[in-house]
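Visitor: I'm new to this one. Could you walk me through how to read it?
Guide: Happy to. Let's look at it together.

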Amino acid sequence: MATRKKVAKAKAKATADAARAKSPAKKSRRKIVRLKVKKPAAKANGLPRPSTKPWGQAGRALEGVKILDFTHVQSGPTCTQLLAYMGADVIKVERPGVGDITRGQLRDVKGADSLYFTMLNGSKRSITIDSKHPKGKEILERLVKQCDVLVENFAPGALDRMGLTWEHINKLNPRMIVASVKGFGPGPYEDCKVYENVAQCAGGSASTTGFREGPPLVTGAQIGDSGTGLHLALGIVAALYQRIRSGRGQRVLAAMQDGVLNLCRVKLRDQQRLKHGPLAEYSQYGEGVPFGDAVPRAGNDSGGGQPGWILKCKGWETDPDAYIYFITQAPVWGAICDVIGKPEWKTDPDYATPPARLPRLRKIFDTVEKWTETKNKFEAMDILNKYDIPCGPILSMKEIAEDESLRATGTVVEVDHPTRGKYLTVGNPIKMSDSAADVRRSPLLGEHTDEILRKVLGYSEKEVGDIKQSGAITAPDKPAKAEAA
């Protein structure tokens, strides 16, 4: 009996299957269903397929990366702002009622954050936390667990005194990258505080800057602070990439002395060359001034082996920036001779070859200057560029601030601030075709505290209320002085 029932069911199923197969509409519907559940093609070589979104709309380079920013003043904020421009979510931790010390330094608008602060902390969020308060420590540890990178430029030992040793951080979050700016690397000076000009002096820059008859000079470029911040940003991005393979974080250190030395490495090159004879491309060689044991200050001599100098242009008597940098590059020597009205120098044995010209550089530049003094710096640029003669105008900060081409490229950006109004800042110096820079204003002190507690750390409304009541995120009775590094 049971066997006959099974046979009947099998026949009925076969009949139904045959009917469905003969129906075009049903056959078509079955195909559509199969297309809907079709699995996507496997990733080639384990890598994601190229995005089909328009260029610049596929998300910024560091989108999804969370940075815990314990930085202040300049070196650290330079690093974290660059990462923010590239799309990282940078959470700046500040002391309640105090904040980054530069908020009040060199203030030009009463009651507003200084340009020193606003130009180094754009595109970030600010949370205020009292790290000495038990609840504040809890919040910090929760942030460590949520973030990818911790960046700090405290004085030596400050992070450890907060209880955030490398061992403790690594235990809380083994994937956390801890990146630090310090004045010196391991050695006799590693516990010393370092500021911009100290780094320039200790890194070899000052001893080789200025004119040989004068004292050492520091440069106006912030190669100690901002330069080291740029180095640290590269180290962080490299550590994030390595973490994809290793699955773990690591410590990243950028010492200011090291960063400065890296930026003036050509002088270390010249120190080694000096052992084998005088440096012929230095002006003092042609003037018969002997060299000492160390690389000398070389004024405006080019550091690349192609002789160059800063020359006066029309209007120099009243305009302190009416100058142009001029390089006597060997391949365009003939064009230089024609432009300055000295065609005979092309065949004169005293000037026809680079070695012959080296002892006569002072006379050559004096002659070129007689020509540049008849043109303003932009007229001279237009003429020299036609012949590929290397040159560059001395641009004042006023000229740079008003340069429309720099604004068009996002190198100089105007942003609006709720208390100080519009101000200029330097945008992302690195341009990426598929990652538009995220240049926004700097945050007010503690502006995003509630937002971070709720949305990043997941505290409930009641818990946030309790935190506020506890004093962990509010200013103490007596304002504390921010610690600068």
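Guide: Start with handedness: the crossing of α19 and α20 is right-handed. Keep in mind that this is a predicted model.

Visitor: At what angle do α19 and α20 pack, and how far apart are their axes?

Guide: Helix α19 covers residues 449-456 and helix α20 covers residues 461-470; they pack at an angle of about 140°, with axes 10 Å apart. Angles over 145 degrees would count as roughly antiparallel, so α19 and α20 are oblique to each other.

Visitor: Which residues meet there?

Guide: From α19 you have Asp450, Leu453 and Arg454, and from α20 Glu461, Val464, Ile467 and Lys468. Sorted by class, the contact of α19 with α20 has four charged residues, three nonpolar and no polar ones.

Visitor: And how should I think about a nonpolar core?

Guide: In soluble globular proteins, nonpolar side chains tend to be buried together. Here, the largest nonpolar core has 30 residues, and Phe70, Ile139, Leu143, Leu150 and Leu453 touch the most other members.

Visitor: Which elements supply at least two residues each?

Guide: The strands β1 (66-70) and β2 (89-94) do, along with the helices α5 (134-146), α6 (158-161), α7 (166-172), α19 and α20. The largest share, four residues, comes from α5.

Visitor: What does Leu143 touch?

Guide: Leaving aside residues up to four places away in sequence, Leu143 touches Leu68, Ile91, Val93, Ile129, Ile452 and Leu457. There's also a second, separate core of 29 residues, including Leu82, Val149, Val181 and Val260.

How values were computed. Residues are numbered from 1 along each chain as its sequence is written. This is a predicted model: local features need pLDDT of at least 70, side-chain atom pairs count only at pLDDT 80 or more; totals for chains, interfaces and linings use all residues. Side-chain values use heavy atoms; hydrogens and water are left out. Axes are lines fitted to C-alpha atoms, for helices over the stretch in contact, and angles run from 0 to 180 degrees between N-to-C directions. Angles under 35 degrees count as roughly parallel, over 145 as roughly antiparallel, 65 to 115 as roughly perpendicular and the rest as oblique. A crossing is left-handed if the near helix is turned anticlockwise from the far one by less than a right angle, and right-handed if clockwise. Contact means heavy atoms within 4.5 Å. Ala, Val, Leu, Ile, Met, Phe, Trp, Tyr, Cys and Pro count as nonpolar, Asp, Glu, Lys and Arg as charged, and the others, Gly among them, as polar. A nonpolar core is a set of buried Ala, Val, Leu, Ile, Met, Phe, Trp, Tyr and Cys residues joined through side-chain atoms within 4.5 Å. Buried means under 20% relative accessible area, exposed over 50%, partly exposed in between (1.4 Å probe, protein chains only).
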